[in-house]
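Try each task before you read its solution.

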Amino acid sequence: MSAYILILDDDADVATAAQMLLRRRYGQVATLCDPASLPALLARGVPDVVLLDLNFTPGRINGAEGLALLDVLRAQANPPAVIAMTAYADVPLAVEALKRGAGDFITKPWDNARLIAAVDQALARREAGRGASAGSPELMGESRAMRELKALIASVAPTEANVMVLGENGVGKELVARAIHAASRRAGGTLLAVDMGALPESTFESELFGHRKGSFTDAKADRAGRFQAARGGSLFLDEIGNMPLAAQAKLLTALERREVTPIGADKPEAIDVRIISATNLDEARLFDPSVFRADLLFRLNTIVIRVPPLRERREDVPLLLAHYLKMYETQYQRPVRNVAAAALDTLVRHDWLGNVRALRHACERAVILGQGAEYGVADFGLPSLVQSSAPAAAAGALHAVADTAVAPALADVPPSASSGDTTLDAIERAAIAATLAQFNGNISHAAKSLGISRAALYRKLGKHGI
């Protein structure tokens with residue numbers, strides 16, 4: 001996986017240990033022990049993820065230095081995802097970091113699998129929300145569908161009802177969750193997002209409910225779970241439909257009793273969180289008992305919010321195009337250009353199967369590669385209709401990509417999807433599209449089948465405009 005990770009920690013040994021672990025998986029992993037050097041480093045390029053220690057000067061434990069650095073990182077034009085690193089005694093400080101914009105926290109000494117999972121989730125969240133601002137641009141629009149969505153959010157947010165957000169990939173489900181939290185009575189608390197599809201079943205209870213020192217191998221210190229860390233705020237359970245049934249039963253028990261018992265603890269702890277969940281599963285599948293427990297579903301879906309796909313609100317496309325083109329023109333310091341009238345008509349009629357996320361990536365591509373006085377259709381790199389005229393050519397090209405991440409799925413690409421354009425990019429795109437169709441749009445299952453991470457698959461979806 002290609003990503004730029006920065007480890008910002010005054011302890012060189014800690015930074016080096018994390019670098020050695022992550023470098024094998026992510027490629028470019030830098031360390032920085034002197035926070036005074038951060039501005040110069042950011043001037044050369046903003047990392048994708050920053051692992052941020054919260055205390056630097058010996059003897060200081062209030063975290064003021066780390067929180068100040070967090071503010072600097074969050075102020076970047078395209079801010080990195082930030083994971084706070086702290087000792088267990090500093091968990092309240094880590095929660096404050098979450099309120100200030102960090103996406104997660106890791107307690108030291110960390111579990112290697114937990115650290116990797118945290119970075120994977122941070123990359124996926126950053127990719128899904130890249131280009132977002134406090135105004136939630138993915139929720140921009142004046143179509144009837146968007147006005148109804150915003151009105152529903154405004155009505156639901158002040159209550160304590162659990163909310164389930166449904167919608168296809170790329171429609172902005174997490175941004176809906178953030179809008180609900182921001183307008184709720186819990187807005188002063190933390191909104192903590194957890195990718196339920198990425199949690200290993202073996203560590204599910206530890207991640208959500210916490211554990212006590214010595215309760216299992218490598219439990220070297222007490223650790224708060226996500227329910228405890230989000231106390232007084234909201235807990236966003238993303239990809240809820242990907243949870244194994246056994247894990248669903250454990251979550252149901254916690255929600256029914258309004259308490260969790262950390263692994264190794266003698267007594268339960270009360271929880272005070274509002275649950276917002278989300279899934280891209282087809283709604284009918286949620287009622288399939290072999291996929292999702294009905295009793296848990298009824299606990300989660302007190303209110304259901306369905307986020308419309310972009311093709312059902314085409315009148316919002318011009319507004320979104322204007323927003324993202326302006327954003328990337330500013331970011332890349334490119335001249336301001338209009339979209340040609342014929343191109344705009346084509347873009348409005350386009351189905352945008354990747355929804356707003358796909359449109360955003362298309363705008364970034366147009367700003368970077370467009371050369372004309374106006375943006376044309378070709379600048380946006382929209383996939384053309386592929387004719388089934390040369391299935392043999394596509395089949396012969398499989399050998400050329402046998403060592404790529406998507407090779408395992410190429411044999412399942414239907415001829416109609418893989419013929420005509422036999423470039424590596426076209427074949428990769430067809431393989432990804434076929435795999436997504438096979439798993440009904442389930443990102444976690446498709447990524448596993450393709451042999452890549454969820455974050456890598458999100459990047460490829462953006463690359464190909466899927």
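**Exercise 1.** Which residues in α13 meet which residues in α15?

*Solution.* First, some ground rules: this is a predicted model, where local features need pLDDT of at least 70, side-chain atom pairs count only at pLDDT 80 or more, and totals for chains, interfaces and linings use all residues. Numbering runs from 1 along each chain as its sequence is written, and side-chain values use heavy atoms, with hydrogens and water left out.

Step 1: find the helices, which are DSSP runs (H or I, at least four residues) numbered from the N terminus. Helix α13 covers residues 317–331 and helix α15 covers residues 355–369.

Step 2: look for contacts, meaning heavy atoms within 4.5 Å. On the α13 side you get Val317, Leu320, Leu321, Tyr324, Leu325, Tyr328 and Glu329; on the α15 side, Val356, Leu359, Arg360, Cys363, Glu364, Ala366 and Val367.

**Exercise 2.** At what angle do the axes of α13 and α15 cross?

*Solution.* The α13 and α15 axes cross at roughly 45° and come within 9 Å.

Step 1: classify. Angles under 35 degrees are roughly parallel, over 145 roughly antiparallel, 65 to 115 roughly perpendicular, and the rest oblique. So α13 and α15 are oblique to each other.

**Exercise 3.** How does α13 pack against α14?

*Solution.* Step 1: helix α14 (residues 341–349) has its axis 9 Å from that of α13, at an angle of about 115°. That makes the two helices, α13 and α14, roughly perpendicular.

Step 1: pick out the contact residues. Val317, Pro318 and Leu321 of α13 face Leu344, Leu347 and Val348 of α14.

**Exercise 4.** Is Asn355 buried or exposed?

*Solution.* Step 1: locate Asn355 in helix α15. Its phi is positive, about 60°, although Asn355 is not a glycine.

Step 1: check the cover. Buried means under 20% relative accessible area, exposed over 50%, and partly exposed in between (1.4 Å probe, protein chains only). At 0%, Asn355 is buried.

Step 2: repeat for Glu239, in the loop between β8 (234–238) and α10 (245–257). Glu239 has a positive phi too, about 55°, and counts as buried at 3% relative accessibility.

**Exercise 5.** Where is Pro109?

*Solution.* Step 1: go to the loop between β5 (104–108) and α5 (112–129), where Pro109 sits.

Step 1: inspect the bond joining Lys108 and Pro109. The peptide there is cis, with omega about 0°.

Notes
Axes fitted to C-alpha atoms, helices over the stretch in contact; angles between N-to-C directions.
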